[in-house]
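Subject: Structure handover

Hello,

Here is the structure I said I would pass on. My notes on what was found in it follow below.

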Amino acid sequence: MNQLDSNPESRMWAMLAHLSALSGFVIPFGNIIGPLVIWLVKRDEMSFVNDQAREALNFNISMTIYMVVAGVLIFVLIGIPLMIVLGIAWLVLVILAAVKANEGTAYRYPLTLRLVN
(Lines give C-alpha, C1' and ligand atoms only; values in the text may rest on other atoms or scores of the structure.)
Protein backbone atom coordinates (compact mmCIF):
# COMPACT_ATOMS: atom_id res chain seq x y z
CA MET A 1 0.00 0.00 0.00
CA ASN A 2 1.29 3.40 -0.90
CA GLN A 3 1.44 6.45 1.28
CA LEU A 4 -0.80 8.85 -0.60
CA ASP A 5 -1.21 11.85 1.61
CA SER A 6 0.58 13.64 4.40
CA ASN A 7 -1.95 16.48 4.69
CA PRO A 8 -3.62 16.14 8.13
CA GLU A 9 -6.89 17.67 6.91
CA SER A 10 -7.33 15.26 4.01
CA ARG A 11 -6.36 12.31 6.23
CA MET A 12 -9.02 13.38 8.74
CA TRP A 13 -11.72 13.67 6.06
CA ALA A 14 -10.73 10.30 4.59
CA MET A 15 -10.97 8.73 8.05
CA LEU A 16 -14.37 10.34 8.57
CA ALA A 17 -15.54 8.98 5.22
CA HIS A 18 -14.88 5.46 6.50
CA LEU A 19 -16.24 6.07 10.00
CA SER A 20 -19.38 7.79 8.71
CA ALA A 21 -20.57 4.33 7.66
CA LEU A 22 -21.14 3.64 11.35
CA SER A 23 -24.08 6.04 11.17
CA GLY A 24 -25.91 3.06 9.70
CA PHE A 25 -26.42 1.91 13.28
CA VAL A 26 -28.65 4.96 13.85
CA ILE A 27 -29.92 6.06 10.42
CA PRO A 28 -31.37 3.64 7.86
CA PHE A 29 -28.88 3.42 4.97
CA GLY A 30 -26.55 5.73 6.90
CA ASN A 31 -23.74 3.38 5.96
CA ILE A 32 -24.21 4.57 2.37
CA ILE A 33 -25.37 8.14 2.99
CA GLY A 34 -22.39 9.08 5.21
CA PRO A 35 -19.61 8.22 2.73
CA LEU A 36 -21.73 9.56 -0.14
CA VAL A 37 -22.11 12.99 1.45
CA ILE A 38 -18.38 13.26 2.22
CA TRP A 39 -17.49 12.10 -1.28
CA LEU A 40 -19.83 14.60 -2.94
CA VAL A 41 -18.63 17.51 -0.79
CA LYS A 42 -14.87 16.87 -0.76
CA ARG A 43 -14.09 14.97 -3.97
CA ASP A 44 -13.00 18.05 -5.93
CA GLU A 45 -10.94 19.53 -3.09
CA MET A 46 -8.76 16.60 -2.00
CA SER A 47 -7.75 13.65 -4.17
CA PHE A 48 -7.05 11.37 -1.19
CA VAL A 49 -10.52 12.03 0.22
CA ASN A 50 -12.02 11.45 -3.23
CA ASP A 51 -10.32 8.05 -3.43
CA GLN A 52 -11.09 6.90 0.12
CA ALA A 53 -14.68 8.19 0.27
CA ARG A 54 -15.42 6.47 -3.05
CA GLU A 55 -13.84 3.28 -1.70
CA ALA A 56 -15.98 3.49 1.47
CA LEU A 57 -19.08 4.15 -0.62
CA ASN A 58 -18.44 1.18 -2.91
CA PHE A 59 -17.75 -1.11 0.06
CA ASN A 60 -20.91 -0.11 1.89
CA ILE A 61 -23.07 -0.50 -1.22
CA SER A 62 -21.51 -3.94 -1.71
CA MET A 63 -22.13 -4.94 1.91
CA THR A 64 -25.75 -3.79 1.66
CA ILE A 65 -26.22 -6.01 -1.40
CA TYR A 66 -24.55 -8.93 0.40
CA MET A 67 -26.82 -8.43 3.43
CA VAL A 68 -29.94 -8.44 1.23
CA VAL A 69 -28.78 -11.70 -0.35
CA ALA A 70 -28.09 -13.15 3.12
CA GLY A 71 -31.58 -12.02 4.16
CA VAL A 72 -33.06 -14.01 1.30
CA LEU A 73 -30.89 -17.00 2.27
CA ILE A 74 -32.52 -17.07 5.71
CA PHE A 75 -35.14 -19.29 4.10
CA VAL A 76 -32.52 -21.95 3.44
CA LEU A 77 -31.04 -21.56 6.94
CA ILE A 78 -27.60 -20.21 6.02
CA GLY A 79 -28.67 -16.57 6.01
CA ILE A 80 -28.45 -15.92 9.74
CA PRO A 81 -24.86 -17.16 10.21
CA LEU A 82 -23.91 -15.38 6.99
CA MET A 83 -25.42 -12.12 8.27
CA ILE A 84 -23.48 -12.44 11.53
CA VAL A 85 -20.19 -13.04 9.68
CA LEU A 86 -20.88 -10.15 7.28
CA GLY A 87 -21.74 -7.81 10.15
CA ILE A 88 -18.56 -8.60 12.08
CA ALA A 89 -16.41 -8.37 8.95
CA TRP A 90 -18.03 -5.03 8.03
CA LEU A 91 -17.31 -3.52 11.45
CA VAL A 92 -13.71 -4.74 11.57
CA LEU A 93 -12.94 -3.61 8.01
CA VAL A 94 -14.49 -0.15 8.51
CA ILE A 95 -12.37 0.43 11.61
CA LEU A 96 -9.23 -0.90 9.88
CA ALA A 97 -9.85 1.35 6.87
CA ALA A 98 -10.35 4.39 9.12
CA VAL A 99 -7.04 3.73 10.90
CA LYS A 100 -5.20 3.30 7.59
CA ALA A 101 -6.75 6.47 6.15
CA ASN A 102 -5.72 8.39 9.25
CA GLU A 103 -2.16 7.18 8.66
CA GLY A 104 -2.37 8.51 5.09
CA THR A 105 -2.42 5.06 3.52
CA ALA A 106 -4.96 4.24 0.82
CA TYR A 107 -7.05 1.25 1.91
CA ARG A 108 -8.76 -1.16 -0.46
CA TYR A 109 -11.62 -3.20 0.97
CA PRO A 110 -11.76 -6.87 -0.04
CA LEU A 111 -14.77 -8.25 -1.96
CA THR A 112 -15.91 -4.79 -3.04
CA LEU A 113 -17.92 -4.18 -6.17
CA ARG A 114 -16.55 -1.05 -7.86
CA LEU A 115 -19.90 0.52 -8.72
CA VAL A 116 -19.03 4.20 -8.22
CA ASN A 117 -16.11 5.41 -10.30
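The model is predicted, so local features need pLDDT of at least 70 and side-chain atom pairs count only at pLDDT 80 or more, while totals for chains, interfaces and linings use all residues. Residues are numbered from 1 along each chain as its sequence is written, and side-chain values use heavy atoms, with hydrogens and water left out.

F29 is placed in the loop between helix 1 and helix 2. Helices (H or I, at least four residues) and strands (E, at least two) are DSSP runs, numbered from the N terminus. The phi of F29 is near 60°, a positive value in a residue other than glycine. Most residues other than glycine have a negative phi. L77 also has a positive phi, near 70°. L77 is in the loop between helix 3 and helix 4 and counts as exposed at 72% relative accessibility.

P28 lies in the loop between helix 1 and helix 2 and is exposed at 64% relative accessibility. From P28 to G79 is 51 residues in sequence and 20 Å in space, C-alpha to C-alpha. F75 is in the loop between helix 3 and helix 4, exposed with a relative accessible area of 74%. The C-alpha atoms of F75 and V116 are separated by 31 Å, and the two residues are 41 apart along the chain.

Next, the largest pocket. On a 1 Å grid over the protein atoms alone, a cavity is a set of points where a 1.4 Å probe fits but cannot get out, whereas a pocket is an open set with protein on both sides within 12 Å along at least five of seven lines; lining residues have an atom within 4 Å of a point. The volume of the largest pocket is about 260 Å³, a volume being the space filled by probe spheres set on the points, with grid points joined across faces, edges and corners. Its lining includes F25, P28, F29, M63 and W90. Helix 2 (30-42), helix 3 (47-72) and helix 4 (79-102) each supply at least two lining residues, and helix 3 gives the largest share, three residues. By class, the lining has seven nonpolar, five polar and no charged residues. In this count Ala, Val, Leu, Ile, Met, Phe, Trp, Tyr, Cys and Pro are nonpolar, Asp, Glu, Lys and Arg are charged, and the others, Gly among them, are polar.

How many aromatic pairs does the structure hold? There are three aromatic pairs. Rings of Phe, Tyr and Trp (its six-membered ring) pair if their centres lie within 6.5 Å; planes under 30 degrees apart are stacked, over 60 edge-to-face, and the rest tilted. F25 and W90 form an edge-to-face pair, 5.5 Å centre to centre with 75° between the planes. F25 lies in the loop between helix 1 (8-19) and helix 2 and W90 in helix 4, so this pair ties together parts that are 65 residues apart in sequence. F25 is exposed, at 61% relative accessible area, but W90 is buried, at 10%. The rings of F59 and Y109 are stacked because their centres are 3.9 Å apart and their planes at 5°. That pair links distant parts of the chain, with F59 in helix 3 and Y109 in the segment after helix 4, 50 residues apart. Ring pairs join F59, Y107 and Y109 into a cluster.

The largest nonpolar core has eleven residues, among them F59, M63, W90, Y107 and Y109. A nonpolar core is a set of buried Ala, Val, Leu, Ile, Met, Phe, Trp, Tyr and Cys residues joined through side-chain atoms within 4.5 Å. Helix 3 and helix 4 are the elements that give two or more residues to this core, and the largest share, five residues, comes from helix 4.

Regards

Methods. Buried < 20%, exposed > 50% of the residue type's maximum accessible area, 1.4 Å probe, protein only.
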